[in-house]
Amino acid sequence: MIGFIGGLVFVLVNAGGLPGPLPLVARIVGVAAFLAAMWVVMRRKLPAAVPPARESLRTYWIAVAAEVVAIIAGANVINRVFEQPDLTVCWVVLVVGVHFLPFAKAFDAPVFTPLAWTLVALGLAGGALTLATTATAAAATAVLAGFVLLGFSSLGSLRKAPEPA
């Protein structure tokens, strides 16, 4: 659910930086993808959830805390030192990607590894394109990252539920 919501937020917030009719199209497709994904998840019958192990939760909270610190610190450097505010959203995409890397092992969910590397690659490529072209590249990077989050979240929600121990 967090991935669905995060993906939708990436699309809705950043679509405005796209040209022409693309903001409306991206937002409509984003909302439709979100609703479709939620419909699939809500209809799926799962056994009672097994709470994550303490170590997994510790990994989760450390990764989330590091993500918040990295986003804030990096955004400050990007904006104040390099004076490149358009790169901030690409930095956020990259950091969100990195924060997923420890989750694959911690939650026995291999879907996190390709998600992480896809977002890292998008953040790096989007940053390079933004420097070489315009801020539209940064907006497109964030919107694409939103759709990647929606897609991978859908894949992750379709994986077989873990067997009770």
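**Close-up views of a predicted model**

View 1. Residues are numbered from 1 along each chain as its sequence is written, and side-chain values use heavy atoms, with hydrogens and water left out. Helices here are DSSP runs (H or I, at least four residues), numbered from the N terminus. Glu83 sits in the loop between helix H3 (54-81) and helix H4 (88-100). With a relative accessible area of 59%, Glu83 is exposed; exposed means over 50%, buried under 20%, and partly exposed in between (1.4 Å probe, protein chains only).

**View 2. Another positive phi, at Asp108.** Have a look at the loop between helix H5 (103-106) and helix H6 (112-132), the place of Asp108. Phi of Asp108 is near 45°, a positive value in a residue other than glycine. Asp108 counts as exposed, at 61% relative accessibility.

**View 3. Helix H3 and what covers it.** H3 runs for 28 residues and reaches 39 Å from its first C-alpha to its last, close to the 40 Å expected at 1.5 Å a residue (the expected span is 1.5 Å times one less than the number of residues). Its buried residues are Ser56, Ala63, Val64, Glu67, Gly74, Ala75 and Ile78. H4 and H5 are among the elements covering them, with contact meaning heavy atoms within 4.5 Å.

**View 4. The two sides of helix H1.** Gly3, Phe4, Gly7, Leu8, Phe10, Val11 and Asn14 are the buried residues of H1. Seen down the helix axis, they fall within an arc of 160°, so they line one face of H1; the arc is that of the directions from the axis to the C-beta atoms. On the other side of H1, Ile2 and Val13 are exposed.

**View 5. A nonpolar patch on the surface.** Met1, Ile5, Val9, Leu12, Val13, Val31 and Leu35 make up this patch, with about 620 Å² of accessible area together. Helix H1 (2-14) and helix H2 (22-43) are the elements that give two or more residues to the patch, and the largest share, 4 residues, comes from H1. Patch residues have over 30% relative accessible area and no salt bridge, and nonpolar side chains (Val, Leu, Ile, Met, Phe, Trp, Tyr) are joined within 5 Å, like charges within 9 Å. A salt bridge is a side-chain nitrogen of Lys or Arg within 4 Å of a carboxyl oxygen of Asp or Glu. Areas come from the Shrake-Rupley method with a 1.4 Å probe; for residues, only the protein chains shown count as cover. Leu35, found in H2, counts as exposed at 53% relative accessibility.

Note on methods
Predicted model: local features only at pLDDT ≥ 70, side-chain atom pairs only at ≥ 80, totals over all residues.
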